[in-house]
Amino acid sequence: MSEVVYDIRELKRARYAVAAVFAVHGAVTGSFATRVPWIQDHAGISTGQLGLALAFTAFGASVSMPVAGRISHRFGYRAALRGLLALWTLSLVLPAMAPNLLSLCLAMFTYGATAGMADVAMNALGVEVERRLDKSIMSGLHGMWSAGALAGSAAGTVAAHLGSDARLHHCLAAATLTVLGLLACRWVLDLQPTEDEEPPPRFALPPRSALLIGAVGFCAVFAEGASLDWSAVYLQDELGSSAGLAAASTTGFMLTMAVARLVGDTVVNRFGAVRTVRVGGVLAVLGGLLIVVADHPAVAMGGFALLGLGIAVVVPLCFAAAGRSGPNPSQAIAGVATITYTSGLVAPSAIGTLAQATSLMVSFGLVTVLACGVAAFASVLRAGDRTPAKVSPPSAAVPGPRP
């Protein structure tokens, strides 16, 4: 990757630009999630068929992610992010257009593939800005993703409440988010590969350096997916709470994670990634134990909030560690992303299957055990410590390429 020297003002501008990209990416997810019931009715499919179609999202992402590094190498990081993000925002219109199961599966595959490639590209640029600033910013970037998802979800909730056609809603949302994304991409770092840099393979398994880091991310994403999909069910079925209180538990979990990510960089810069993740893992274990032993909805809600607080910064720090762990950051990030996406796919069904055979309490016992893994193996995030940033004072800097 090119080592153009950027002054501190340009790096700060690039940081805000990448943060805006993360928010746009999250807003697409939030916009889609709120209209899933409409999409199901429009396609005329059952709940089981909907689950099958949604699985194609993770499948598409897992297949496409390893390709993102080669695209960035071929076109440069700014151009690659601009194109991949636009494909992702525009793909929002596809699911609502699908009239049947087959077309919906194809739409979700495309939706997931573009999401995964844009995800890898924006995380690679975020890691590079973090390296050059020589301080943690990845937690805040993922916090912006959560904030964008909440904003998209809020807008989608209003659209659904008004009874609007999801095709119209998603066309307007896609157009707006595409414009915002293209504007934000103007100010990200315009990194180019060096002449002697080998292009990454068209498709490759996750590098060895990413496997242990990805395993820690797997544990965190498993706990996140289980909590998002099953926390409301847990409160209703296990503790007899009302539907409103159960839904509030899920919302509280999401808000806890968003806030923790937005303030997480301050903690990481003060205590370091390893110590932050280790303490977070302990908090997640305590939250899991509260959920398992809860005899009142309030106790379980506290447990879910504590679980969200504990795992909030784990995935951002896994991406940051992957980007520092080897000579090809995009390939390592793609490897970690593939592992974590797989976890997100496996978690909801694994929790449901185990609950069917035993109980949801036992299922969240498994979540608690995996949270122990986050605390126990936090030291793998020490891989590839950040090198001092190449930042020059404004008066002496040689500016990098400008938009």
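**Figure 1. Burial and overall make-up of the predicted model.** Of the 403 residues of the protein, 53% count as buried in this predicted model. The protein has 15 helices and 2 strands. Among the contacts between residues at least 6 apart in sequence, 87% join residues that are at least 24 apart.

Figure 2. A pair of aromatic rings is described by the distance of the centres and the angle of the planes. With ring centres taken to pair within 6.5 Å, the count for the model comes to 8 aromatic pairs. One of them is formed by Phe 304 and Phe 364, whose rings are 5.4 Å apart centre to centre with 85° between the planes, an arrangement that is edge-to-face. Phe 304 belongs to helix H12 (residues 297-311), whereas Phe 364 belongs to helix H15 (residues 360-376), so the pair ties together parts that lie 60 residues apart in sequence. Both Phe 304 and Phe 364 are buried.

**Figure 3. An aromatic cluster of Phe 32, Trp 88 and Tyr 111.** Phe 32, Trp 88 and Tyr 111 together form one aromatic cluster, and the view shows the side chains of these residues.

**Figure 4. Arginine over phenylalanine at two sites.** In one view, Arg 74 lies over the face of Phe 75, at 4.9 Å from the ring centre. In the other, Arg 270 lies over the face of Phe 271, and here too the value is 4.9 Å from the ring centre.

Figure 5. A disulfide is a covalent bond between the sulfur atoms of two cysteines, and the structure holds 0 disulfides. For Cys 219, the closest cysteine sulfur is that of Cys 318, at 9.3 Å, which is too far for a bond, because a disulfide requires the sulfur atoms to be within 2.5 Å. Cys 219 has 13% relative accessibility and therefore counts as buried. For Cys 372, the closest cysteine sulfur is that of Cys 219, at 9.5 Å, and this distance is likewise too far for a bond.

Notes
Residues numbered from 1 in each chain as written. Predicted model: local features only at pLDDT ≥ 70, side-chain atom pairs only at ≥ 80, totals over all residues. Heavy atoms only, no water. Phe/Tyr/Trp six-rings, centres within 6.5 Å; stacked < 30°, edge-to-face > 60°. Helix = DSSP H or I, 4+ residues; strand = E, 2+ residues; numbered from the N terminus. Buried < 20%, exposed > 50% of the residue type's maximum accessible area, 1.4 Å probe, protein only. Lys NZ or Arg CZ within 6 Å of the ring centre and 35° of its normal. Contact = heavy atoms within 4.5 Å.
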